[in-house]
Amino acid sequence: MNPKIALIFDFDDTLAPDSTTGLMLEMGFDAPSFWEGDFVRMLASGWDQVPGFLHRLIELSEEKGGLLTRDYLADWGRRLPLFEGVAGFFDQLRQFAQEQAPGVDLEFYLISSGIDSVLRHTAIAQEFTEIFASDFHFNEAGRAVAAKRVVSFTDKTRYLFMISKGIIGEETKKYYRVNDRFDSFRIPFTQMIFVGDGGTDIPCFSLLKRKGGQRVAVYHGEHRASWKKARGFVKDERVEIMEQADYSPHSPLMNSLKNLLLEIVEQLDAPDA
C-alpha cells in the first residue's frame with residue numbers, strides 16, 4: 001500500500017470567508033452586532049463558543065418561522081464564496097504530487113467548527129476524503145432543533161487521531177474507536193500538514209508540532225487583524241509558515257505547500273524513514 005500524506009484544512013477564514021457570519025446575513029440577522037455584543041455576553045455567562053452560536057442560530061431561525069432547514073443550509077453551501085484559487089487548487093496540487101511522488105497518495109481532509117450541513121454542499125466538498133464539522137439535529141420536517149455535534153478547540157485534535165488511524169467513512173460512526181489501540185497508523189502525524197487561521201486551530205498546531213507534523217497559518221486579504229493573528233502564531237512558535245490565503249497556482253501559499261509535500265516525500269525516501 002502506498003504511503004499517504006494528509007493535507008488537512010480548517011474552513012472558515014482558511015478556505016473561504018466565515019460561512020457562519022455569511023449564513024446569519026443570509027437570514028437577515030445583524031451578524032456584526034451579534035459577534036460584538038450578544039455573543040460576548042453569552043461567553044461571559046458561561047457558554048462555550050461553538051454551542052453558543054449554534055444555539056443562537058436556532059433561536060434566530062425560530063424567530064423567523066423555522067428558516068433553518070437542511071435544504072436552506074444546503075442551498076447556502078452551494079452558493080458559498082471561496083477564496084482566490086480554491087476551486088482549482090486541489091486538482092493542481094494532486095497533479096503536482098503525482099508527478100513528483102507517484103508512489104505516494106495525497107489526501108485532503110476538512111476539520112471545521114462550521115456547519116456540516118453547509119460544508120458538504122460547497123463546490124469543493126467532493127475533494128475531501130472526509131469532512132468533520134459541527135452540525136444540527138433536524139426534526140422530521142427537516143428543521144434544525146438542537147446542536148448535534150460540536151467541533152472546536154481540542155475537539156479538533158480528536159479528528160487528527162481519527163485520520164491517523166484510518167477511521168474514515170462509515171467507521172466515523174463508531175466514535176469510540178478513536179480510543180482503540182492501533183499497532184500501525186494509516187497516516188502518521190509526520191505525514192500531515194494542517195492549514196488554519198484561528199484560535200480553534202491552536203490545539204491542532206500544538207499536537208502536530210509535538211508529533212512532527214507541519215503547520216501553516218493563513219491570513220486573508222488586506223485584513224490587518226487576520227495578519228496579526230497569523231503573525232502571532234509564528235511568534236509563539238505554533239507554526240513556522242504563514243501565508244496569505246491565496247490558492248492560485250503560483251501563489252506563495254501554493255509554493256509553500258508544494259515544498260512541504262516534497263519535504264515529507266524526502267523523509268519517506270530517507271534510509272532510516
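In this predicted model, 20 residues line the largest pocket, and those lying nearest its centre are D12, D13, D18, Q49 and T200. The volume of this pocket is about 480 Å³. Two or more lining residues come from each of the elements α1 (19-26), α2 (31-44), α3 (49-63) and β2 (105-115). Of the elements, β2 gives the most to the lining, with 3 residues.

Across the whole structure, the search finds 1 cavity of 30 Å³ or more. The largest cavity holds about 70 Å³ of space. Its lining consists of I5, F96, A97, Q100, A101, V104, D105, L106, L261, L262 and V265. The elements α5, β2 and α10 (252-269) each give two or more residues to this lining.

The volumes of the two spaces are set out below.

| Space | Volume |
|---|---|
| Largest pocket | about 480 Å³ |
| Largest cavity | about 70 Å³ |

Charged side chains form the next topic. A search of the whole structure finds 19 salt bridges. One of them joins the side chains of R94 and E127, with an N to O distance of 3.2 Å. Because R94 belongs to helix α5 (residues 86-100) and E127 to the loop between α6 (116-119) and β3 (130-138), the pair ties together parts that are 33 residues apart in sequence.

Terms used
Residues are numbered from 1 along each chain as its sequence is written. This is a predicted model: local features need pLDDT of at least 70, side-chain atom pairs count only at pLDDT 80 or more; totals for chains, interfaces and linings use all residues. Side-chain values use heavy atoms; hydrogens and water are left out. On a 1 Å grid over the protein atoms alone, a cavity is a set of points where a 1.4 Å probe fits but cannot get out, and a pocket is an open set with protein on both sides within 12 Å along at least five of seven lines; lining residues have an atom within 4 Å of a point. Grid points are joined across faces, edges and corners, and a volume is the space filled by probe spheres set on the points. Helices (H or I, at least four residues) and strands (E, at least two) are DSSP runs, numbered from the N terminus. A salt bridge is a side-chain nitrogen of Lys or Arg within 4 Å of a carboxyl oxygen of Asp or Glu.
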